[in-house]
Amino acid sequence: MRQSNGCKAALLAGIVALSLFLATSSPVLSQEKLVSIDFNNVDIRVVARYVSELTGKNFVVAENVQGTVTIISPRMVSADEVYRIFQSVLDVNGFTTVKGDKVIKIVPKSGVV
C-alpha cells in the first residue's frame, strides 16, 4: 500500500505537532528553572534587583525602604517561590508591595492606606 505525498506530509505534520505539544506541556521536558537564594545581611535594594531580574517584575522602591536582610533557603526554589519569599521578607521588615499597572511599588507598611 503506497501513501501519497499529501498523506506523508499530513502524518509528518501530526508528529511534529504532537512533539511540540509534549515538549511544552510535559513537566519532565519543560522543568522550571530553580535558583538558590541564600543572602546574609544583604541590602534590601540589592535583593529587590535580584528578584526583579529573576521574575521580570518591575519594582519602584520608595526612598525610605532601607536595611539589610537575611534569607536562608536550604533548597533550590522557583521564580514564583522567590517572589513569595521576597514578599515575606518585606513584610517582616515593615514593608509591603502595592501592585500598579506596570510596576510594583515597594513601600513601608505605614505608608499604605
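I take buried to mean under 20% relative accessible area, exposed to mean over 50%, and partly exposed to be in between, with a 1.4 Å probe and protein chains only. The model is a predicted one, in which local features need pLDDT of at least 70 and side-chain atom pairs count only at pLDDT 80 or more, while totals for chains, interfaces and linings use all residues. Residues are numbered from 1 along each chain as its sequence is written, and side-chain values use heavy atoms, with hydrogens and water left out.

Entry on helix α2. I looked up which residues of α2 are buried, and found I44, V47, A48, V51 and S52; helices (H or I, at least four residues) and strands (E, at least two) are DSSP runs numbered from the N terminus. Seen down the axis of α2, these buried residues fall within an arc of 140 degrees, so they line one face of the helix, the arc being that of the directions from the helix axis to the C-beta atoms. An α-helix has 3.6 residues a turn, so residues three or four places apart point the same way. On the other side of α2, I noted R49 and E53 as exposed.

I then asked what the buried residues of α2 pack against, and the list is β2 (39-43), β3 (59-61), β4 (68-71), α3, β6 (95-99) and β7, with contact taken as heavy atoms within 4.5 Å.

Entry on the length and ends of α2. The helix covers residues 44-55, and at 1.5 Å a residue its twelve residues should span 16 Å, which agrees with its end C-alpha atoms being 16 Å apart; the expected span is 1.5 Å times one less than the number of residues. At the start of α2, a side-chain oxygen of D43 comes to within 2.7 Å of the backbone nitrogen of R45. After α2 comes G56, with a positive phi near 80 degrees.

Entry on T68. This residue lies in strand β4 and, at 48% relative accessibility, counts as partly exposed. Neighbours within four places in sequence aside, T68 is in contact with N41, V42, D43, I44 and N93. Between T68 and V47 I noted 21 residues in sequence and 9.1 Å in space, C-alpha to C-alpha.

Entry on salt bridges. I found two in the structure, a salt bridge being a side-chain nitrogen of Lys or Arg within 4 Å of a carboxyl oxygen of Asp or Glu. R75 pairs with E81, their closest N and O atoms being 3.0 Å apart, and D91 pairs with K109 at 2.4 Å, N to O. The latter pair links distant parts of the chain, with D91 in helix α3 (residues 79-92) and K109 in the segment after β7 (104-108), 18 residues apart.

Note on methods: A polar contact is a pair of N or O atoms within 3.5 Å; within protein, one must be able to donate a hydrogen and the other to accept it, and residues adjacent in sequence count only if both atoms are side-chain atoms.
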